[in-house]
Amino acid sequence: MELPVGGTITQTFATPVNYIKGRTHHEAVDIVTQGSQPITMLADCKVTNVIDRYDYLPNSGYGNEIWVKYANGDQDRFCHCAKGSIVAIGTSLLKGATGAKTGQTGYRSPITVFHTHWERYRAGKRIDPLSNPLSEEDMSDAEKQMLADHEKSLSAIFKRLDSIEENLRKRASKNRLRKIEHKIK
């Protein structure tokens, strides 16, 4: 899975949280970076919203943000961006272009870490960006091949599971017959 920034995933979607007032689960993926790093777009997109007004203010919520919209209608939101690093609203970005840089704006835990809080929205609902890739039309050829290989692997696994299930059913039937025969004797 391609990530928008090189770094370490420190929190995934739906993991429990106790540091965000009013929330019990994290609805994004947090990626920590070594210093400020470029946040690159995963497909061609357009910048639909920008908040770039916070310097280092630990209590300013999500800090600086950039929202982008892809051709399939999905939107990504990147938060805690470095001040002055975000491109303007209405900018069209190609896959791989930098839209912002990771920063330290807004509320973070721990507060000194450079990172991005990456959300994905589909039909207005937050979804896991790691489990919900962009549609195939937004994928590169390499990503499409990786998905096809993954689907082929899953297909083989499901066929194997079906075979195991069938064998278990046959064994269970034989065992039932043996028990019935044993009771008859």
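Ground rules before the structure. The model is predicted, so local features need pLDDT of at least 70 and side-chain atom pairs count only at pLDDT 80 or more, while totals for chains, interfaces and linings use all residues. Residues are numbered from 1 along each chain as its sequence is written, and side-chain values use heavy atoms, with hydrogens and water left out.

Start with the fold. In sequence order the pattern is β-β-β-β-β-β-β-β-β-β-α.

Next, packing. The chain has 185 residues, and 32% of them are buried. Buried means under 20% relative accessible area, with a 1.4 Å probe and protein chains only. Now contacts, meaning heavy atoms within 4.5 Å. Take those with a separation of 6 or more: 62% are between residues 24 or more positions apart. The accessible surface is about 11,200 Å², and carbon and sulfur atoms hold 54% of that. Those areas come from the Shrake-Rupley method, with a 1.4 Å probe.

Now the charges. Side chains of opposite charge can pair when their charged atoms come close. How many salt bridges does the structure hold? Seven. The criterion is a side-chain nitrogen of Lys or Arg within 4 Å of a carboxyl oxygen of Asp or Glu.

Let me walk through three of them. Glu-65 pairs with Arg-77, and their closest N and O atoms are 2.9 Å apart. Glu-65 sits in strand E5, residues 64–70, and Arg-77 in strand E6, residues 75–81. That is twelve residues apart, and the pair links distant parts of the chain. Buried or exposed? Glu-65 is buried, at 6% relative accessibility. Arg-77 is buried too, at 8%.

Arg-77 has another partner. The side chain of Glu-119 meets Arg-77 in a salt bridge, 3.1 Å from N to O. Glu-119 belongs to strand E9, residues 115–122, and Arg-77 to strand E6, so this pair ties together parts 42 residues apart in sequence. Glu-119 has a relative accessible area of 0%.

Glu-119 also meets Arg-126, at 3.7 Å from N to O. Both residues of that pair, Arg-126 and Glu-119, are buried. Which residues end up in one network? Glu-27, Glu-65, Arg-77, Glu-119 and Arg-126, joined by salt bridges that share partners.

Technical notes: Helices (H or I, at least four residues) and strands (E, at least two) are DSSP runs, numbered from the N terminus. Buried means under 20% relative accessible area, exposed over 50%, partly exposed in between (1.4 Å probe, protein chains only).
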